[in-house]
Amino acid sequence: MGILFQNLLIGHILLGLTGIVFSTLVLVGFFKKPANVKFLKITSLSAFLLYLASWVAGGYYYVEYYGGKVKPLIKAGPYPFAHGIFMEAKEHIFLFIPILAGVVFLATCLLGDKINQEPKVKNALTVLAFIVVFLGVLITALGMLISGAAK
Amino acid sequence: MYEILVTIHIIGVALGVGGATVSDLLFFKSAKDGKIEEYEFGFMKIASKIVWAGFAVLVFSGVSLFILARLKLLGPRVMYNPGIWAHIIAAAVILFNGLAMHWKVFPAFEASLGIPFGKAEQILKNRKIIFTTGAISITSWYFALVLGATRGFGLPLSWILAAYVFAVVCAVIVANVIGKFLMNKFKQ
Amino acid sequence: METDKKIKLVCSFTRSAIIAVVFVAAATILAELYAPFKDFLKNNFYHHWVGKSVISFAIFAAGGVLCYLIPHKPEIKRLAICFWILSISAVLGTLAVFGFFVYEYVSH
């Protein structure tokens, strides 16, 4: 693997993981009564930008390298479903995350302290933030299963 | 690079396991007088932050070790190791359990500072969650520690997970029995 | 920006996000079952996945702006419902995509 694709793969993973850390901070931030809106704005924006960066890095790696070099290795190996199921699912489920994170960011940024004044809105946003974290963890696990199958 | 990452991983273990242990001990110490004081809650919050910091260090160093293995194309024989995946599953449990604690346990404590347990509405209402999440936390941390040290004894994943579930269930039962005893003691 | 406009903006982008999520799930399944659609994406966007990425993000971004421009009265109580619908869409979309590829793999 050339240095570019190596860095793209590492970047995709670490940027995504850092995004999940910030999404977790967002979620924990929503648990507080009252929620610290400034903290939520910063962490939700960070998460959104990190997911966008992970999207670009991972996307370039996937389109230009994975299909030609890694996919054949996995399909020829003992766990071809790592591509057939896990990668196929992951590359599409991943697309939900930046969109959901974008909504969380917009909501915290524009609603501000209204989040604390409207419990139903806060609860619904908390659930959305939880789904971002859950999908992030799922994607990470799928990525590790895919990487593990390549020999 | 491998040695550096392993060292960082061990530091994460020390912070995470140490923080979780101290956090549980702090709770039982503060429970001795039947109420949680503000300064005791302050220490628990610090311990919680140490646990989260340790967890973050563990996750990043652990994933970095995985990346190293991937770049070397070590393949499923190494990267599908049952001990490693049981480790990862325990880490996921620690994460979601930790979120549950921040959602229910810490707010219950914060709402009950200085109030005797027998009269602390939030603690009485959330008693089962408090003791269950505490038990899951400490069991999961030590289970992950043992897995890391032993690589799962070469056992299949199903056996390791069965042992984990068994350990968690036992811990939850014991914790809730202790919790019920404590609440009854301070209700009088 | 006035509060009403802010609420309207959040609501608009949440609605466009719902459509984007549903599009991703639907396009994923359609591309596997109907080759001309996959070819359309590949021919116009270099790779089918790039096509889905670009279109989904365009739906989210442009759709949000379009929805904002449509006259309607924003209500903060509706926001909670929108967030719930988005959450449920994401969960169902995840299950649909995962379930579809499990089914495809097992049946072929």
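A salt bridge here is a side-chain nitrogen of Lys or Arg within 4 Å of a carboxyl oxygen of Asp or Glu. Keep that in mind as you work through this predicted model.

**Exercise 1.** Work out what kind of contact joins chain A and chain B, starting with the number of salt bridges.

*Solution.* 
- Step 1. Apply the definition: the count between chain A and chain B is 0 salt bridges.
- Step 2. Look for polar contacts: 2 residue pairs are in polar contact between these chains, both at pLDDT 80 or more.
- Step 3. Turn to the area: about 2,400 Å² is buried between chain A and chain B, and carbon and sulfur atoms give 83% of this.
- Step 4. Find the elements on chain A: α1 (3-31), α2 (37-76) and α6 (119-149) each supply at least two residues of the side that touches chain B. With 12 residues, α1(A) gives the most.
- Step 5. Sort that side of chain A by class: 25 residues are nonpolar, 5 polar and 1 charged.

**Exercise 2.** Find where the peptide bond from A:Lys33 to A:Pro34 sits, and state whether this bond is cis or trans.

*Solution.* 
- Step 1. Check omega: at near -5°, the bond is cis.

**Exercise 3.** Decide whether C:Tyr46, a residue with a positive phi, is buried or exposed.

*Solution.* 
- Step 1. Recall the background: most residues other than glycine have a negative phi.
- Step 2. Read the angle: C:Tyr46 is not a glycine, yet its phi is about 80°.
- Step 3. Locate C:Tyr46: the loop between α2 (35-45) and α3 (48-69) of chain C holds this residue.
- Step 4. Use the cut-off: exposed means over 50%, so C:Tyr46, at 55% relative accessibility, counts as exposed.

Terms used:
Residues are numbered from 1 along each chain as its sequence is written. Chains are lettered from A and ligands numbered from 1 in the order in which they are written. This is a predicted model: local features need pLDDT of at least 70, side-chain atom pairs count only at pLDDT 80 or more; totals for chains, interfaces and linings use all residues. Side-chain values use heavy atoms; hydrogens and water are left out. Buried area is the accessible area (1.4 Å probe) that two parts lose on being put together, summed over both. A polar contact is a pair of N or O atoms within 3.5 Å; within protein, one must be able to donate a hydrogen and the other to accept it, and residues adjacent in sequence count only if both atoms are side-chain atoms. Helices (H or I, at least four residues) and strands (E, at least two) are DSSP runs, numbered from the N terminus. Ala, Val, Leu, Ile, Met, Phe, Trp, Tyr, Cys and Pro count as nonpolar, Asp, Glu, Lys and Arg as charged, and the others, Gly among them, as polar. Buried means under 20% relative accessible area, exposed over 50%, partly exposed in between (1.4 Å probe, protein chains only).
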